[in-house]
Amino acid sequence: MGRTLENKKEIVADLKETLSQSTLALVIDYQGLTVSEITDLRRRLRPSGTVCKVTKNTLMGIAIKDDEKWQPLSELLNGSSAFLLVKEDFSSAIKAYQEFQKVSKKTELRGGVLEGRLLKEPDVKVLGDLPSKEQLIAQIAGAINALATKIAVGINEVPGSLARALQAVSEQEQSGGSTESAAVADSSTEAEAVADSSTESAAE
């Protein structure tokens, strides 16, 4: 029994909604896959937030008709098509598909579309070689931790540096104070000598 017009409209609306939340779309030829194998593919893709849509090329064509961003997909709409709609974690999604393909050996990647640009298989492979979202987060966290450690070490060194600076000032003041005391003592001695001289002169 064929799909009704209403049913087709629902499928197209669902495709448009999923595409609006996606940044990358991959098209694979899934001919020969069993229902259980497609289920396995979807399971593998789920952690990356990727949705696998198995639908007619004509319905996908209608879904992208008025969307310039996805127009290049029209060049890939032939044969038995399954669409892997990726939200943001390109690398994890592509790696998940590649692992599935190694096991099933039944699918073929036709290409994809990213930001309005048509991608061939080598382009998709390059995307798959990029760090995954989790790896990027780990790298960023590592960089932040390294910076925090440097800041902490710098802060810990401040008291020591401050103590050394205060000690230097203290020593300088003490040195200056001793010099002044010596100068005062010298002045007192000179005054006493003058007084003695005056007393002697008066006695004569």
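Here is a quick briefing on the fold and the largest pocket of this protein. We're looking at a predicted model, where local features need pLDDT of at least 70, side-chain atom pairs count only at pLDDT 80 or more, and totals for chains, interfaces and linings use all residues. Residues are numbered from 1 along each chain as its sequence is written, and side-chain values use heavy atoms, with hydrogens and water left out.

**Fold**
- The protein has 6 helices and 5 strands, taken as DSSP runs (helices H or I, at least four residues; strands E, at least two) numbered from the N terminus.
- Going along the sequence, the pattern reads α-β-α-β-α-β-α-β-β-α-α.
- Take the contacts (heavy atoms within 4.5 Å) between residues at least 6 apart in sequence: 81% of them join residues at least 24 apart.

**Burial**
- Of the 204 residues, 29% are buried, meaning under 20% relative accessible area with a 1.4 Å probe, protein chains only.

**Largest pocket**
- The largest pocket has a volume of about 190 Å³.
- A pocket here is an open set of points on a 1 Å grid where a 1.4 Å probe fits, with protein on both sides within 12 Å along at least five of seven lines; lining residues have an atom within 4 Å of a point. The volume is the space filled by probe spheres set on the points, which are joined across faces, edges and corners.
- Its lining includes I94, Y97, T107, E121 and K125.
- α4 (90–104), β4 (108–114) and α5 (121–128) each bring at least two lining residues, and α4 gives the largest share, with 4.

How values were computed: Buried < 20%, exposed > 50% of the residue type's maximum accessible area, 1.4 Å probe, protein only.
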